[in-house]
Amino acid sequence: MIHQLNDTSLKNTSVTILAIESSCDDTSVAICEDGKILSNIIANQSVHEKYGGVVPELASRAHIQNIVPTVQTALTAANVTLNSIDAIAFTQSPGLIGSLLVGVQFAKSAALALDKPLIAVHHMQAHVLANLIDTDNRPDFPFLCLTVSGGHTQIVLVKSPLDLEVIGETIDDAAGEAFDKCAKLLGLPYPGGPLIDKYAKEGNPLSFKFAEPQMPALNFSFSGLKTSVLYFLQKQDAGFIEANLSDLCASIQYTIINILLKKLNKAVLQTGVKRVCIAGGVSANSGLRNGLQAMGKKYGWNTYIPAFQYCTDNAAMIAITAHYKYQAGQFAGLDASPNARAEW
Ligand code: KG4
Ligand code: ZN
């Protein structure tokens, strides 16, 4: 059943959306009113740290524990009550199926109980549209977005909020995965991306040279980099990593950013679009943020980077996407189900 809005509800001047993100290991809830984010609460799951990666079953259980308190905190922070919510949005795909299920079921129950429409959101589209949250500094259309997360690496041509085309992507590991796997080889805990970023600040990016795969068109590959780091480390003496940690991190980060920015430049040349954004967890990386700005200066691009809290997984990006879907009348039915792998 798809909830039908009558004319009066669509013309309602103020629309408040409650959005839920639960695709991986963070439970997040945001409230947005007419595209303005009123609150964005994120409950992180520390339970995975000792396992060196996200344990799906533990993630689902933690979502179940976190979801109600996170909704309550988001409502309180936004100074909004459940009665003033006009629509419930949720991440439908992609992600861990058990994690997605918790958000989808909660959203469906809330929509049924409140008799409000449901909006299903694709997580990767939401990462891209995080660039539209800051109304004082957002790109006009069309723009390009390099979306770099733990599971995806894509270059997206964005013609409008709901018309996006993936024009390049990774054929193996994602950029975030490359950061995390290289960090693991250095003995750093999960997720290693932020730690590589931290240690890289003290190191020399030209200390060590690692493989930069040459991929055709606008596609990426990162599995060769991980192997190149592994073979290099296997040849070193004990104590080498500890003695050279900052230089190793700086060199790995430099290589990943080089691969990303070279392809982004190719996409600009190919499309002629010079409004360039980044999104996804890896867009929190200070080297990538500085690198994008430097490229912008050099080539005359207008560059856009979401605020930190909208780079890694968050429900504000689900809410802003839902805002545009609401305006377009794109609602989901109560039979909506999560999809671990759906592309768009
Ligand atoms: O978008 P995200 O929060 O979740 C997914 O949808 O995957 O991205 C998580 C990824 C992880 O691989 C994490 O290591 C990486 O983003 N990441 C970073 C930084 N912050 C998060 N990688 C490099 N530098 C960072 N500062
Ligand atoms: Zn994500």
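The model is predicted, so local features need pLDDT of at least 70 and side-chain atom pairs count only at pLDDT 80 or more, while totals for chains, interfaces and linings use all residues. Residues are numbered from 1 along each chain as its sequence is written, chains are lettered from A and ligands numbered from 1 in the order in which they are written, and side-chain values use heavy atoms, with hydrogens and water left out.

**Around ligand 1**

- Ligand 1 is surrounded by 19 residues, where a residue is near if one of its heavy atoms lies within 4 Å. The closest are Gly-150, Asp-180, Asp-197, Gly-281 and Asn-285.
- This shell divides into 5 nonpolar, 11 polar and 3 charged residues (Ala, Val, Leu, Ile, Met, Phe, Trp, Tyr, Cys and Pro count as nonpolar, Asp, Glu, Lys and Arg as charged, and the others, Gly among them, as polar).
- Domain 1 (7-129 + 313-327) and domain 2 (138-306) both give residues to the shell, so ligand 1 lies between them; the domain bounds come from an automatic or database domain assignment.
- Helix 4 (123-129), helix 5 (175-185) and helix 6 (193-200) each supply at least two shell residues. Helices (H or I, at least four residues) and strands (E, at least two) are DSSP runs, numbered from the N terminus.

**Atom by atom at the ligand**

- A polar side-chain atom of His-127 lies 3.1 Å from an oxygen atom of ligand 1, and an N or O atom in the side chain of Asp-313 is 3.0 Å from an oxygen atom of ligand 1. A polar contact here is a pair of N or O atoms within 3.5 Å.
- Gly-193 uses its backbone instead: an N or O atom there lies 3.3 Å from an oxygen atom of ligand 1.
- Taken alone, ligand 1 exposes 550 Å², and the protein buries 88% of that (areas by the Shrake-Rupley method with a 1.4 Å probe).

- Five strands form an open sheet in the order 3-2-1-4-5, with mixed pairing; two strands pair if DSSP finds at least two bridges between them.
- At the edges are strand 3 (36-43) and strand 5 (118-122), each pairing on one side only.
- Strand 1 (residues 16-21) and strand 4 (residues 87-93) pair in the parallel sense over 4 bridges, and Ala-19 stands opposite Ala-89 in strand 4.

- Most residues other than glycine have a negative phi, and most peptide bonds are trans.
- Phe-141 and Pro-142 are joined by a cis peptide bond, with omega about -5°; Pro-142 lies in the loop between helix 4 and strand 6 (143-148).
- Tyr-190 to Pro-191 is also cis, with omega near -10°, and Pro-191 lies in the loop between helix 5 and helix 6.
- Asn-79 is not a glycine, yet has a positive phi of about 60°.

Methods:
Polar contact = N/O pair within 3.5 Å; in protein donor to acceptor, adjacent residues only side chain to side chain.
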